[in-house]
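Hello,

Here is the structure for you to look over. My notes on its charged pairs follow below.

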Amino acid sequence: VTFTVEVLPEVTLSGYEGAAIEAPDVVADATDLEQALEQKCRDRAEMVPVETGAEPGDEVTVDYVLTPQDAAGEAGTGDAMRAQARKFTVGDGRVPAQVDEAVRGANPGDHIEKTLELAESDALYEPGRTQLALDVTVQDAQRLAVPALDDALAVDLGYADLAAMTTAVQAELDGKASDLTRDLRRKAAVEHLLGANPIEVPPSLVESMVDEQIQRMFGNLSPQQMRSL
């Protein structure tokens, strides 16, 4: 009987004493602090009813009917485009442009009816149907209200005041920066060691890791799904 057994290589490290290893020092600056404090505000943001007319970024819920028609006001042969309780964000492009434009400046309860001219580039345009009867009812409109960065917010978040929160956030950022600096130095040291001490990895170990990754990627797929890949 003849067989081959793979064994882990013996590793003897050299070339590391006195080695110059470059790794950046990560520092949390004023921009990082500003962004972290802004995130504190966004974390406390909430949706409030729109009272001054919907604007881009507001979330609205509408019913609408779009009816293509000819110049005489007669409906075309195609079906009208309808939607009920359609929720979208003004300006996100998820509804027909005519509906998006109609709700700008509108408040909950507003009912908008108008006839629009269709351009040839419009998806609803076709010869003989050059107009669009628009009927939109705004059910709801809400806006994300972000609280001000002040003492009241700091107290609400458990700090004595804004200055105390700023100091605490800066300390947290400094800690994260220190951890990241240490990780970068460790990575640079490992890369230097591997460069100075090349190690031949047994093929079976590589195959085992590849199999493990494949299992993680496709382990939940059925045999039928696997065959379709």
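A salt bridge here is a side-chain nitrogen of Lys or Arg within 4 Å of a carboxyl oxygen of Asp or Glu. The model is predicted, so local features need pLDDT of at least 70, side-chain atom pairs count only at pLDDT 80 or more, and totals for chains, interfaces and linings use all residues. Residues are numbered from 1 along each chain as its sequence is written, and side-chain values use heavy atoms, leaving out hydrogens and water.

By this rule there are eleven salt bridges. One of them joins Arg143 and Glu55, with the closest N and O atoms 4.0 Å apart. Arg143 lies in strand β5 (residues 131–145) and Glu55 in the loop between β1 (46–49) and β2 (59–69), so the pair ties together parts 88 residues apart in sequence. Strands are DSSP runs of E, at least two residues; helices are runs of H or I, at least four; both are numbered from the N terminus.

Glu38 and Arg42 also form a salt bridge (3.9 Å, N to O). They sit four residues apart in helix α1 (residues 30–43), which means about one helical turn separates them.

Arg104 pairs with Asp100 in a salt bridge at 2.7 Å, N to O. Asp100 is in helix α2 (residues 97–103). Is Asp100 buried or exposed? Asp100 is buried, at 7% relative accessible area. Arg104 is partly exposed, at 35%. Buried means under 20%, exposed over 50%, and partly exposed in between (1.4 Å probe, protein chains only).

Best wishes
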